[in-house]
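Morning, everyone. Let's go through one structure today. Please look at the screen.

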Amino acid sequence: MLCRSLILVVFACVAQVIHAADAVSHPGGVLRVPVGVAASPPPEVRFQGNRVLVHPLGTAWEAVVGIPLDTSPGWESLEIRTADGVSRALPFTIEAYDYPVQHLRVPNKRHVNPTPEDLARYAREREAQDIAKRAWREALPTRVALDLPVSGRRSSAFGLRRTFNGEPRNPHSGLDLAVPVGTPVRAPAAGRVTLSGDYFFNGRTLFIDHGQGLISMLCHLSKFDVALGDEVAAGAVIARSGATGRATGPHVHWSVFLNGTSVDPEALVARP
Ligand SMILES: [Zn+2]
């Protein structure tokens, strides 16, 4: 009897490992994995304690999970709770991923070595932006695929490990698209304007909340075409591009957040 139980346990473990091996992502990437059948109510999914986007895809509910850039390779797991309160863990694999390194020379000393007053301003501004990045609305995104906010040269990729005048900085948390000042900037998907401001590092910035933690942040803008609380359609002109804040030249910095963490926007860009 003991032997039979042991065999069952071993079988269950093997089955779980085989299932988990299907689900793979990397730091800064997006994990997409089925978490239930669409005939049932959607389960509530969490990763590292944060709610995760769950949307219908064909006959399944699919979780769309942002993997933080500082996640170590190895095993992680999603917490899944069905509508009738049954919980389970869904393990998955994080594989190592090497992002390139870039050394930049930046002429504006103040933005490289901010004064104590600048840092105090940054701390105040960061709080509001952190809240906007981590916001949760139950409304489902109209679609999970996003469009580029402008069509321009990709001047800096997500995850790039940069140094400014030899000093290491945090990895690049978005995608830079180089366009002339005044270029119309479009909503990557439908959503609500949840924050707008003029910030020390990010310059004129808009947050568009697409629903269920899928959020776009657009920075270094010159002018806003929308106001706080506006509902915008996919492709609507929301701003004009610029070079405000810490910008080495005119471009749009686009960050995308899922479950409170920035991910590579390219992972969600709709391909023709
Ligand atoms: Zn950028």
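Two strands pair if DSSP finds at least two bridges between them. Strands here are DSSP runs of E with at least two residues, numbered from the N terminus. Keep in mind that this is a predicted model, where local features need pLDDT of at least 70, side-chain atom pairs count only at pLDDT 80 or more, and totals for chains, interfaces and linings use all residues. Residues are numbered from 1 along each chain as its sequence is written, and side-chain values use heavy atoms, leaving out hydrogens and water.

First, the sheet. Which residue in strand 6 is the bridge partner of Val37? Ala60 is. Strand 2 and strand 6 (residues 60–66) run antiparallel, joined by seven bridges. The open sheet has three strands, in the order 2-6-5, with antiparallel pairing. Its edge strands are strand 2 (30–37) and strand 5 (53–57), each pairing on one side only.

Now the metal. Which residues are the protein donors of the zinc ion? His172 through NE2, Asp176 through OD and His253 through ND1, at 2.0 to 2.1 Å. Donors means N, O and S atoms within 2.8 Å of the metal (3.2 Å for Na, K and Ca); water is not among the atoms, so sites may look incomplete. The sequence spacing is H-x3-D-x76-H. His172 sits in the loop between strand 12 (167–168) and strand 13 (175–178), and His253 in strand 20 (residues 252–258), so the pair ties together parts 81 residues apart in sequence.

Are these histidines buried or exposed? Buried means under 20% relative accessible area, exposed over 50%, partly exposed in between (1.4 Å probe, protein chains only). His172 is buried at 2%. His253 is buried at 8%.

Conventions: Helix = DSSP H or I, 4+ residues; strand = E, 2+ residues; numbered from the N terminus.
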